[in-house]
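Me: I have a structure open and want to go through it piece by piece. Can you take my questions as they come?

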Amino acid sequence: MSKKRIMFSPVTRLSGLLSVEVVMDRNIVSVANASGTMYRGIEHVMKGRHITDAVYMTQRVCGICSLAHGAVASYLLDELYDHELSDNAQYLRNIMLAADILQNHIRHFYFFSLPDYVKMPVQPPFEGQNLKDARLAPQDNTRLVEHYFRSVVASQECHQLLTVFGGKAPNQHSFVHGGVAVAPTADKVNQALSLIESVHGFVKEYLVPDTELISRVYNDYFKIGRTPASLLSFGMFRFGSKNQLSLWRGGVLTRNQISAPDIRLISEDVTNAWYLPVDGEVLPAPHKTGAYTYIKSVHYAGQPFEMGPLARMIINGFYHGGTSTMDRIKARSLETLLITELVMEWLRKLVPGPPPIQQKQKPLKEQAVVATDIMRGSLLHSVRVKDEQVEEYKIITPTNWNFSPKDKNGQLGPVEYALTGTVIPNPDLFLNTILGRIIRSFDPCINCGAHVLNAKGDVTGKIVF
Amino acid sequence: MKKEDFVKRCQELAVGPQFNLSEYVISEAKKHRGSKFRKLPVIWLETSDSGDNNIAFMNTTYPYLGQVFTDLIDLLYSNTFMAAQGKDALNILEYAAARLRGKFTLVVEGAVPLKDNGLYTIIARTEDRNLTALEAVMWLGPLAEYVVAVGTCASFGGVSAARPNITGSVGVRNVLNREVINVSGCPINPDWFVGTLAHLLMYGKPELDSFGRPALFYGFTVHRHCQRRSYFDQGQFAEKLGDIECMFSQGCVGPKTGADCPYRQWINHVNWPVKANTPCIGCTNEDFPDGSSPFFTPLPEKNMEEEQSNSPAPEGEKDE
């Protein structure tokens, strides 16, 4: 017997519930099926509600990236209502979004990823770590364990910064359509500066060197978990009175060519997902034979694409490297550092004044679609409204792209591609460790994948926006 | 223990590969000071949720998360934090449930889908079966000393059970025939949750309100303690978000929401939604979000759609 089915479940230390089934052909992963095992259906919840509920309601899609949904829903409403955004509003919005991204990246690195490489103390919640491939020198290991606990404060400070302006976190209140409901006053700006300086210090003194150390000691992971370098970003950090500018550019990178992304080329496929078309709507079908996930395949121009910090850093020319497990980790840490610097710059550009918000009373349009990058890649919200009520609300999250199951032609999504072909020396000892490292480098958020339910009509192909 | 023995033991552990010196020192020190407190053993299940409550938990200050792990709880199983993965994680869950039967606290984060045998939320899979949230909660609930529902989804169904609730999701209280301590909020203020755990550890079960929530945190309405109450009393209402007057006109449901946000505030106690010039949307309420929606419509004019949202009753839901 040379082939063996193994279920890696639960894949812990991530947001949401994930299982990955692999078929081992001797010591090589010959098949990998990534299963997002939760379905909630916020798009159904949005139907029939007042359109202005979208900002607060869609934040409830995801706890670790709540503001991402609030931001994209706000951009969507800005377009429907044709709002004008002031510079102050845009700086405040980007400061808040950035704070949530920093929170996300720091927690991902220390809470989720670090125990893949560092031997943690034998006490809850670290018992049973079973890390057979721990390579750090004892004193380095001890130091990084201490940094795990330091990151508790740094990541909390990110959410405190967000809350100074946003009222609470997760699920902030002030970043809404038309601007921001909170005034940038000297006391708040000063508090925020103090917090970001502390976070910046942490990132510079701990996160970046810790990333360097791990990438040096585990440098074989520059060859493990590679994807075909098809990268996609819709750009990040919106500016301009109509959200029309992106500070970091978007792009479609494939075969070493970069082009501008076009929303109309996105398509979906539910061949291996637990959904079936019913009366022109795609509904969850948990008993569907052969399917293995609640995450749908999403493609650009018919091809799977990887997204996230690595895609953004490469497309913007900030990172020059490959598309492996360790490249993803390095690019995320680099991005974290760059964002702390941006927040300091934006805070200094705020001009004290009243809350920068102007909301018009009635929407001028009945449809809108927005895609922009947030923590894990590009987030798309689209809506159709009638009399201010939602007729249809669609969400496509980065998890849908990175954790796409196989489509009708058997094309692998980025995570499954990265896993397939991996050589596992002595699977009994190292299988979970190696698979876990590859999977977590994509920063899985299965809560985000738990909603997508799209589309009238053509379930095999194009989305009609 | 004699001083010499203690020093010798520390010296041995300091060079050991397991990094358990501090664990040893702390537990010995606690014995020495004669503390009556042990740590609370906790099994934390994530079910149908957004994960915002585990993120909110990470935001706790005084104690910070590291101190919570060191001094307050033994977090034995947690999809979010545990270093173990795959079958190692499931083995820990089974072992902890058996070894600490009647002694552990079960924390459930998220609602429990009932439709299609609960297949909308699968906690873990093996080669031949799925462990659904429904099965896991029904298995562990009766074995726990306390059951704590963290967040509004776990407490009452929340956003996971919002209209039209196509997964037939319910709160934990609807699937267990026992008392559930509801720490509601979307998400929870970390003080409410960590404070509840501390209460369980130090003084036992806290006094609960009629919704099964610790009265300590939920006993008064937001409206009663709101800094903007004087505006309400004088009939001065905000004309738009961003104004400094009472947010009742902007949809605030503070008058029907039990929570101490006005004086507790969020994330190291720096701010809360009304202070940020926006309405309270009543995220701790039994009828959240449907009873608060549309969020920006004044309370008397909100569509009272609870009747719609509660029907049809999800299959298998037991009577309260």
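Predicted model: local features only at pLDDT ≥ 70, side-chain atom pairs only at ≥ 80, totals over all residues.

Me: Where is Met82(B) found in chain B?
Reply: Met82(B) sits in the loop between E2 and H5 of chain B.

Me: And is Met82(B) buried or exposed?
Reply: Met82(B) is buried, because its relative accessibility is 1% and the cut-off for buried is under 20%.

Me: OK, the interface. How many residues of chain B are in contact with chain A?
Reply: On the chain B side there are 78, and they contact 90 residues of chain A. The two chains bury about 7200 Å² between them, with 58% of that on carbon and sulfur atoms.

Me: What is the count of salt bridges between chain B and chain A?
Reply: The count is one salt bridge. The side chains of Asp290(B) and Arg49(A) form a salt bridge at 2.6 Å, N to O. As for polar contacts, 42 residue pairs are found across the interface of chain B and chain A, with both residues at pLDDT 80 or more.

Me: Which elements of chain B give two or more residues to the side that touches chain A?
Reply: They are helix H3 (52-58), helix H4 (65-72), strand E2 (73-78), helix H5 (87-99) and strand E5 (122-125). H5(B) supplies the largest share, five residues.

Me: How do the residues on that side of chain B divide into nonpolar, polar and charged?
Reply: The side of chain B that touches chain A has 44 nonpolar residues, 22 polar ones and twelve charged ones.

Me: Back up a bit. How many helices and strands does chain B have?
Reply: Chain B has 13 helices and nine strands. It has 320 residues, and 61% of them count as buried. Chain B exposes about 12800 Å², of which carbon and sulfur atoms supply 52%.

Me: What share of the chain B contacts with a separation of 6 or more comes from residues 24 or more positions apart?
Reply: For chain B, that share is 71%.

Me: Now the backbone. Which residues does a cis peptide bond join, with omega about 5 degrees?
Reply: One such bond joins Arg163(B) and Pro164(B). Pro164(B) is in the loop between helix H7 (152-156) and strand E8 (169-170) of chain B. The peptide bond from Phe288(B) to Pro289(B) is also cis, with omega near 5 degrees. Pro289(B) is in the loop between helix H12 (261-264) and helix H13 (306-309) of chain B.

Me: How many Å apart in space are Met82(B) and Pro164(B)?
Reply: Their C-alpha atoms are 34 Å apart, and the two residues are 82 residues apart in sequence.

Me: What is phi of Asn165(B) near?
Reply: Phi of Asn165(B) is near 50 degrees, which is positive in a residue other than glycine. Asn165(B) lies in the loop between H7 and E8 of chain B, and it counts as buried at 15% relative accessibility.

Me: And what about phi of Ala301(A)?
Reply: Phi of Ala301(A) is near 50 degrees, a positive value for a residue other than glycine. Ala301(A) is in the loop between strand E14 (297-300) and helix H7 (309-315) of chain A. At 47% relative accessibility, Ala301(A) counts as partly exposed.

Me: Staying in chain A, where is Ser333(A) found?
Reply: Ser333(A) is in helix H8 of chain A, residues 325-349. Ser333(A) is buried, with a relative accessible area of 4%. Not counting residues up to four places away in sequence, it touches Phe109(A), Leu207(A), Val208(A) and Thr211(A).

Me: What does Ala331(A) touch, not counting residues up to four places away in sequence?
Reply: Ala331(A) touches Pro309(A), Leu310(A), Met313(A) and Tyr319(A), with that exclusion. Ala331(A) is placed in helix H8 of chain A and is buried, with a relative accessible area of 0%.

Me: Last one: what separates the C-alpha atoms of Ala331(A) and Thr422(A)?
Reply: They are separated by 22 Å, with Ala331(A) and Thr422(A) 91 residues apart along the chain.

Key: Residues numbered from 1 in each chain as written. Chains lettered and ligands numbered in written order. Heavy atoms only, no water. Helix = DSSP H or I, 4+ residues; strand = E, 2+ residues; numbered from the N terminus. Buried < 20%, exposed > 50% of the residue type's maximum accessible area, 1.4 Å probe, protein only. Contact = heavy atoms within 4.5 Å. Areas by Shrake-Rupley, 256 points an atom, 1.4 Å probe, with all protein chains shown as cover. Buried area = accessible area lost by both parts, 1.4 Å probe. Salt bridge = Lys/Arg side-chain N within 4 Å of Asp/Glu carboxyl O. Polar contact = N/O pair within 3.5 Å; in protein donor to acceptor, adjacent residues only side chain to side chain. Nonpolar A, V, L, I, M, F, W, Y, C, P; charged D, E, K, R; others polar.
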